[in-house]
Amino acid sequence: MRVAIVGASGAVGQEFLRVLDERRFPIDELVLFGSERSAGRSYAFRGKEHQVQLLQHNDAFRGIDVAFVSAGGGTSKEYAETITRHGAVMIDNSSAFRMDEDVPLVVPEVNAADALMRPRGIIANPNCTTIMMVVCLQPLERLSHIRRIHVASYQAASGAGAAAMAELEQQYRDVLAGREPKVEKFAYQLAYNVIPQIDVFTDNGYTKEEMKMYAETRKIMHSDAACSAMCVRVPSLRSHSEAVWVETERPISVDEARAALAAAPGVTVVDDPSRQQYPMPLFTAGKDDVYVGRIRKDLANDHGLTFWLSGDQIKKGAALNAVQIAEYLLKAGELGA
């Protein structure tokens, strides 16, 4: 099994290394690729140092079984043919191919089998907020079809990469020291603030991030559900959270919903208001599952439920989901000799 990571020096690239090791993914040879800025760096993996190679248009992917790619949409588009030319499966973490009809968009707990149909050799990893939401929606969909979704996201700095996390930490230090904080990665200072914008605005007043949640949810779940999102950046480092409202065809009781979520793969229910127990980024960072709590009936809709979720954006929202796709393909006999 020959595995490649493209964008090895980034936050998600580093998480790929940790997740592959944690889950003991079978690897006979690991090859790391990066930009001119990161080429030459070395990273330890399973007791051996691996040097980052410069990503180029050459035959370096010959013999690679699976390539985990997290280097931005432009890089993914430019190098997709190079990566897949010799038969490697490209699992792409960017938005470059997510809505292409001939590229499956996969969350293994929801639509794993879609990964088996990949005419271009590419599988897209969904947007982080979408991944975590659909993991929780799927158990409810099995109870009754979901017609509408309203969601407000509370997204950590990790969603904008390692440099954004470092900027947030430095902003806190600067503010506390009485210095003017430097703002580069976000439209405004994030420390001691929330920013109701993630990505650029589209003509309908929604941001691209919000429109991703609308379109990706429908593609992953093979559903006609309408999703209206408000995505907000909050000053935490890791783990995104979401407040979700769903309307189903038939009313679902809280007990039904809680039981379905508790039994669902990739979900952990933490829901005991009497003891002030509910999911928070402070506790979900570094965890594999999506954590769910505050499960209630929607007081404004007889067919509605509302709940709160929190999960690690770099892990389940990115690297872990991609590795789980590869694990599914391996089990299905689609990877390796």
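I149 makes contact (heavy atoms within 4.5 Å) with M133, L137, T217, A225, A226, C227, S228, V244, W245 and V246, leaving aside residues up to four places away in sequence. The model is predicted, so local features need pLDDT of at least 70 and side-chain atom pairs count only at pLDDT 80 or more, while totals for chains, interfaces and linings use all residues. Residues are numbered from 1 along each chain as its sequence is written, and side-chain values use heavy atoms, with hydrogens and water left out.

I149 also features in the largest nonpolar core, which has 55 residues; F61, L137, I149, V244, V246 and F307 are the members that touch the most others. A nonpolar core here is a set of buried Ala, Val, Leu, Ile, Met, Phe, Trp, Tyr and Cys residues joined through side-chain atoms within 4.5 Å. Buried stands for under 20% relative accessible area, exposed for over 50%, and partly exposed for values in between (1.4 Å probe, protein chains only). Helix α4 (residues 128–143) supplies the largest share of this core, 8 residues. Helices (H or I, at least four residues) and strands (E, at least two) are DSSP runs, numbered from the N terminus. A second core of 42 residues is separate, and I5, F45, A191 and V323 are among its members.

Turning to the aromatic rings, the structure holds 4 aromatic pairs. Rings of Phe, Tyr and Trp (its six-membered ring) pair if their centres lie within 6.5 Å, with planes under 30 degrees apart counted as stacked, over 60 as edge-to-face and the rest as tilted. F33 and F61 form a stacked pair, because their ring centres are 4.4 Å apart and their planes lie at 20°. Since F33 sits in strand β2 (residues 29–34) and F61 in the loop between β4 (48–54) and β5 (66–69), the pair ties together parts that are 28 residues apart in sequence. F33 is buried, at a relative accessible area of 1%, and F61 is buried with a value of 1%.

Helix packing comes next. The axes of α4 and helix α7 (residues 254–263) come within 9 Å and cross at roughly 125°, which makes α4 oblique to α7. Axes are lines fitted to C-alpha atoms, for helices over the stretch in contact, and angles run from 0 to 180 degrees between N-to-C directions. Angles under 35 degrees count as roughly parallel, over 145 as roughly antiparallel, 65 to 115 as roughly perpendicular and the rest as oblique. On the α4 side, C136, P139, L140 and L143 meet E256, A257, A260 and L261 of α7.

Helix α1 (residues 11–22) and helix α9 (residues 315–331) have axes that come within 9 Å and cross at roughly 50°, and they are therefore oblique to each other. V12, E15, F16, V19, L20 and E22 of α1 make the contact with K315, A318, A319, L320, A322 and V323 of α9.

D92 touches V69, S76, F97, I122, I123, A124 and N125, not counting residues up to four places away in sequence.

Backbone angles complete the picture. Most residues other than glycine have a negative phi. R46, in the loop between β3 (42–45) and β4, has a positive phi near 50° and is partly exposed at 40% relative accessibility. H222, in the loop between α6 (208–221) and β9 (226–233), has a positive phi of about 50° and is exposed at 58%.
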